[in-house]
2 protein chains.
Amino acid sequence: MNSPTISTESFTCNGRHYHPGPHPIVVICVDGCADEYLSTSMAQGVMPHLLSLTKNGYRGLARGALPSFTNVNNASIATGLSPREHGISGNFFLDPDTEEEIMMNSSKYLWKETLLSHAAQSGRKVGMVTAKEKLRDILSHQLEGIAFSSEKAKEAKLDTHGIENVESLIGEPAPEIYSADASLYVLKAGVALIREGLADFLYLSLTDYMQHKFCPWEEESLTFHQNIDEQIGLLLELGAKIGITADHGMNSKTQPDGSANVIFLESWIQDQLGIQTRVICPITDPYVVHHGALGSLVMVHIEEESDIPRIQEKIFQLDGITEVYTRSEAAHRLELPEERIGDLVILSGRDTVIGRTEKDHDLSHVAKGLRSHGGRYEEMVPFIFSFPLNSTYLQKAVGDPRNFDVFEFTCNGEDS
Amino acid sequence: MNSPTISTESFTCNGRHYHPGPHPIVVICVDGCADEYLSTSMAQGVMPHLLSLTKNGYRGLARGALPSFTNVNNASIATGLSPREHGISGNFFLDPDTEEEIMMNSSKYLWKETLLSHAAQSGRKVGMVTAKEKLRDILSHQLEGIAFSSEKAKEAKLDTHGIENVESLIGEPAPEIYSADASLYVLKAGVALIREGLADFLYLSLTDYMQHKFCPWEEESLTFHQNIDEQIGLLLELGAKIGITADHGMNSKTQPDGSANVIFLESWIQDQLGIQTRVICPITDPYVVHHGALGSLVMVHIEEESDIPRIQEKIFQLDGITEVYTRSEAAHRLELPEERIGDLVILSGRDTVIGRTEKDHDLSHVAKGLRSHGGRYEEMVPFIFSFPLNSTYLQKAVGDPRNFDVFEFTCNGEDS
């Protein structure tokens, strides 16, 4: 049952004030949840709890951070800041000093503190559960609370993760990462943590394996969302105030014959202009089965500054490309940290991804159809609350709310 | 009852082939229908027919044409072409020869034939009903069939509109244009035309007065959508195959205090750079109550070509502005007719509109809160069919379908 000792102390982090009430606060980031997944699942009747939650609460859309990638947006949600402020610009960046490609899977790349750590300092029992271990590393920065991933649930130890014997707490063995269960386990962990009085302020961040692999109307997707819905029902039963958003949407990136619709940009620039550039695909991560390291935003690093304008102009003409920015333009317009992006930042369309060269991507992982994200067409995400928003937050919700406002809305958005 | 003599002859228009079956084909353009209107209305239980239609058919999203304005997108839907090809780039453009601002409310500005006229030639009984008269003018070009607007329903005559005594056919007096009824009347007309065997190939294009005035969860919006749903139910009962899309979405364009969030761009350029430009707001139309001529895309006409780069650079820095294109860039990237746009084409964000100078806009019309459209954040629209899509069209639907594919999908998208 709910612990009777839930702290209602307000706290501040990165300039925002949070006023959580005397009930469990649960924010769920449904990785890769394009709004169509929810619309289709609700129409098919497999998400009755979400339907009733939205009926009695609020369902709208919010704008995520670009690039529409997982680490970027999870860091934004956990800090309440844009990437320009928190520093995580993708999964990878090219270190300008060493010219090395560096994976940003550790909290040492995060410039700011998380609101989770401040919630814990204020007296909340914080529980952060992610599907992927890479995210736990980044987001558990200075957190005095529980933090583990379903990927490495077995390895959770009291002194490093704030919890142990996770499998027996949840009553199920930890799932493998390429599965629906990797996400469901995160939600089940959230339910168990509240039920056992171990946490009252939760961030539950799922993984998008299922969304990468299935369209909204496919049976596997409907079953997945039905299972998500069941856990949402349990969280509601436990009295949680719930905020739901996503890190990014998801679109098919395929040609009419079903094959991946890829622009190999480094090769193309070489062919067209005879210039060797270095294209960084910041979606690249250890989970290659998801997307073959192909997304809809890449960074182009160019040796000679004088080459930048003509490369920029040439790329802009390419079908499938939607936006082309110089470093300073991207920093300003896309809210990116200038030192962790390319000389050019390139975005592609709803059905198009950008790669490096053919040999850099193993398309066998996505032979059944590539679904991916990273660009403008995966920027808008669900923004859902289990309670009616008060007038202040309803006004914010109809403006230009961001997915990384979700904790503020969940803590402050209801009239007490 | 359905006429037993429905033609099933295929026809071709603007390079596309249409194969309508032996049932009424109905395409509905729900003006200003951001997807959130449908999600909220369905969650509140007021659109049971749409819910069951999407359950048994298909509900997804499609990309509209930019600018996300009514005439532009209706012309695209009726021709199956982008604005670059059909020539309608907004409600207004600046004639480069005469320097006059010209309202494009006549078919003489439409460069291509409509698929409606070709459907009629193939033997279909075509019925086109619009809410606004301006659209009837544009889209009835060379149409041998029925075409009238609810705005001027009383004036419909057999020799000019293909129909007369519209009010007695529908059984209700024609509504005033600033009303929910202006849209509902269009749907009622569609029901009556099919029921009386007068039409079997329909384009029903509503008006967005309600969407300009109400958020998805407001009572007035829910009632409006309930009434739309009732008519959809009647169309389904009559055996219609239905395709539903929108010309554009709709967002609140307000500051936190509820006042309109406007950049007066002509004044701003004058203040910042001392250059007198001419800003055209192509959303401008005779229906000023809707939006006060404020939308999220404007054209900037610049006397001295040499001034263009620094104006472009300056505007790009302005908060609330999302995209800035030169004429040739916009023609290419936004698919616009080069001769009917500005030297610069400027788009603004989800919560921001762009105006000319303060005195050019009467904000009293939008004192209760401005909701408008025109930019990138009103580009994605619902894309709904009353039947399951066959594998060919399902594959197209998961790519980058356009709202102006809607007739092709409705005619060809079902396995016979």
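Let me start with Ile346(A). Leaving aside neighbours within four places in sequence, Ile346(A) is in contact with Leu265(A), Leu297(A), Val298(A), Val300(A), Ile315(A), Ile321(A), Val324(A) and Ile354(A). This is in a predicted model, please keep that in mind. Ile346(A) belongs to the largest nonpolar core, which has 277 residues. Those with the most contacts inside that core are Leu116, Val298 and Ile346, in chain A and in chain B.

Now the domains. The assignment for chain A gives domain 1 as 11-249 plus 379-412, and domain 2 as 262-372. Between their C-alpha centres there are 28 Å. At the boundary, 24 residues of domain 1 of chain A are in contact with 23 residues of domain 2 of chain A. On the domain 1 side, α4 (83-86), β5 (92-94) and α10 (209-213) of chain A each supply at least two of the residues that touch domain 2 of chain A.

Next, the two chains. How is chain A superposed on chain B? A rotation of 180° does it, with 0.0 Å of shift along the axis and an RMSD of 0.0 Å. The two copies are therefore related as by a two-fold rotation axis. In chain A, Ser39(A) has the C-alpha nearest that axis, at 3.4 Å. Both copies use the same surface: 100% of the contact residues of chain A recur in chain B.

As for the contact itself, 29 residues of chain A are in contact with 29 residues of chain B. The elements of chain A that each supply at least two residues to this side are α1 (35-43), α2 (48-56), β4 and α15 (327-333). Which of them gives the most? That is α1(A), with 5 residues.

For the whole sheet, I switch to chain B. There, 7 strands form an open sheet in the order β4-β19-β10-β3-β9-β7-β8, with mixed pairing. β4 (58-63) and β8 (146-149) of chain B are at the edges with a single partner strand each, so one side of each has no neighbour in the sheet. Neighbouring strands are turned by 15° against each other on average, direction ignored. Further in, β3 (residues 25-29) and β10 (residues 241-245) of chain B run parallel and are joined by 5 bridges. Ile28(B) has Ile244(B) as its bridge partner in β10(B).

Last, a helix. Is α3 (residues 70-79) of chain B mostly covered or mostly open? Mostly covered: 10 of its 10 residues are buried. These include Asn71(B), Asn73(B) and Asn74(B), as well as Val72(B) and Ile77(B). The cover over the buried residues of α3(B) includes β3, α4 (83-86), α5 (115-121), α6 (133-139), β9 (201-205) and α17 (406-412) of chain B. After α3(B) comes Gly80(B), with a positive phi near 75°.

Key: Residues numbered from 1 in each chain as written. Chains lettered and ligands numbered in written order. Predicted model: local features only at pLDDT ≥ 70, side-chain atom pairs only at ≥ 80, totals over all residues. Least-squares fit on C-alpha atoms with pLDDT ≥ 70 in both. Contact = placed C-beta atoms within 7 Å. Pairing = 2+ DSSP bridges. Helix = DSSP H or I, 4+ residues; strand = E, 2+ residues; numbered from the N terminus. Axes fitted to C-alpha atoms, helices over the stretch in contact; angles between N-to-C directions. Core = buried A, V, L, I, M, F, W, Y, C linked by C-beta atoms within 7 Å. Buried ≥ 20, exposed ≤ 12 C-beta atoms within 10 Å, placed from the backbone. Domains from an automatic or database assignment.
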